[in-house]
Amino acid sequence: MADDYLVRIGKLIRDARQHRGWTQTQLAEALGTSQSAVNRIERGNQNISLEMIARIGEALDSEIVSLGYAGPMHLRVVGGRRLSGAIDVKTSKNACVALLCASLLNKGRTVLRRVARIEEVYRLLEVLNSIGVRTRWINDGIDLELVPPAELEMAAIDAEAAVRTRSIIMFLGPLLHRMDTFKLPYAGGCDLGTRTIEPHMIALRRFGLDIAATEGQYHAQVDRTVRPDRPIVLTERGDTVTENALLAAARHDGVTVIRNASSNYMVQDLCFFLETLGVKVEGIGTTTLTVHGVPNIDVDVDYSPSEDPVEAMSLLAAAVVTESELTVRRVPIEFLEIELAVLEEMGLDHDRSPEYCADNGRTRLVDLTVRPSKLEAPIDKIHPMPFPGLNIDNVPFFAAIAAVAQGKTLIHDWVYDNRAIYLTDLNRLGGRLQLLDPHRVLVEGPTRWRAAEMMCPPALRPAVVVLLAMMAAEGTSVLRNVYVINRGYEDLAERLNSIGAQIETFRDI
């Protein structure tokens, strides 16, 4: 029982520290102790006095001394309000997690600018810290510095944090160059049905990586005699699959050709980052990438990931669903052109600024202003395709948009097993969505939204779609257990409040 309380206290301290934006090292300095001691406390592996708990609470400006259980976070939404003004798009969640994994390629210091402060990033940082990577937030907590150890401590990996993120799968590409054998916990993340890692294995076997899965872990062995002697053809044009192949090719001593590669936004950002490491990548933005690997990478680099097109789509959808006029700034237009073309056909009234460059010097940005529009259902179905098609992660937002349009819209979410099912949660808020099969849903609009209290869907984008519908519904709604939203969005409630929403975060007593 005592050990259980230590674990619970440790989790409270860890959550409070992360909310403050501190690393374990920063907390240790404030307490006059060591980073390893803080690590043991947060894991529940060290006895801790009430005096120390009080000191930690004072340092973190958090009432930890109450010893209450840090239950799930909920949102209380007062809907029916119009949004107004302007809001900036944050940096890309998916690019940031790929770059965190890519930092393992580099023996030098990596600085990533304006990293998304989201749960997915926090989980990866916990994993990186546990294996010896020193991380700290710098420049008033805006940027992130990563310094790897000479040798990674894979035996000390934080399995609890690792299983809460699917991004851990992208450790495979960098690690196969650093050690001959290692273990990784199974990848987790959203509940989106069965998602095989076999496409990753098909690509990485060409670099000598062999995986055996037993007892909740991937057991990896690397045969250094195996080298990709012909182009690698990916069996799935997936983003993380392409990224893993790129990470493996980056330190391969030779030239690697990757075909059927994703050319999506996070893959391009990873390619741009690899170029700062000295790795030449040809074909960026196409489905064939040629990587000139560098066996030893030891450089100090500084990189700014670009903005998140899916967050941009979320904000555009928020304006559409609440019938608001809103300017969304720093939109990576290259990755939203199909979505905007569909919305234009539906009748969206909007305009855009001239293009300008993102901080990475490569990605094209615009500012978009959306105005209240009378939308009509599209003639054709809404369905995702690999880039440059309609983004897979943007499909759920069309469920909310279609719900306010006149007519019936067929949405075919063929990629994931369960996600279309979660979209029918909109029916609790007054929507008229008919599930045709696990991948297809028919949406009838327009919708008269109504307030409701409900559990958050266990998948990121459908969860945000439900939140947007609550913002449009007259009255007060409650969305319970929103951890999944915090995985992918930084301070979403506060930022929506800044443009006119009324959303309150709370926990059960």
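This is a predicted model: local features need pLDDT of at least 70, side-chain atom pairs count only at pLDDT 80 or more; totals for chains, interfaces and linings use all residues.
Student: Why is R461 called buried?

Tutor: Buried means under 20% relative accessible area. R461 has 5% relative accessibility, so R461 counts as buried.

Student: Where is R461 found, and what is R461 in contact with?

Tutor: R461 is found in helix α16. Leaving aside neighbours within four places in sequence, R461 is in contact with K93, N94, V310, D393, P396, F397, R419 and Y489.

Student: What makes the pair R461 and Y489 a polar contact?

Tutor: The cut-off for a pair of N or O atoms is 3.5 Å, and one atom must be able to donate a hydrogen and the other to accept it. The side chains of R461 and Y489 are joined at 2.9 Å, in a polar contact.

Student: How do you know that α5 is largely enclosed by the rest of the structure?

Tutor: Helix α5 covers residues 93–102, and ten of its ten residues are buried, so α5 is largely enclosed. Among the buried residues are K93 and N94, and both of these are in contact with R461.

Student: What makes S92 a cap of α5?

Tutor: A side-chain oxygen of S92 lies 3.3 Å from the backbone nitrogen of N94, and S92 caps the N-terminal end of the helix.

Student: Why is α11 called largely enclosed?

Tutor: Ten of the twelve residues of α11 are buried, so the rest of the structure largely encloses this helix. Y265, M266 and V267 are among the buried ones.

Student: Which residues have the most contacts inside the largest nonpolar core?

Tutor: They are F171 and I485, in a core of 153 residues. Helix α16 gives the most to this core, with eleven residues. Leaving aside neighbours within four places in sequence, F171 is in contact with C101, L104, L124, V127, L128, I131 and L184.

Student: Which element gives the most to the lining of the largest cavity?

Tutor: That is α6, with four residues. The lining includes R17, W22, Y122 and W137.

Methods
Residues are numbered from 1 along each chain as its sequence is written. Side-chain values use heavy atoms; hydrogens and water are left out. A nonpolar core is a set of buried Ala, Val, Leu, Ile, Met, Phe, Trp, Tyr and Cys residues joined through side-chain atoms within 4.5 Å. Buried means under 20% relative accessible area, exposed over 50%, partly exposed in between (1.4 Å probe, protein chains only). Helices (H or I, at least four residues) and strands (E, at least two) are DSSP runs, numbered from the N terminus. Contact means heavy atoms within 4.5 Å. On a 1 Å grid over the protein atoms alone, a cavity is a set of points where a 1.4 Å probe fits but cannot get out, and a pocket is an open set with protein on both sides within 12 Å along at least five of seven lines; lining residues have an atom within 4 Å of a point.
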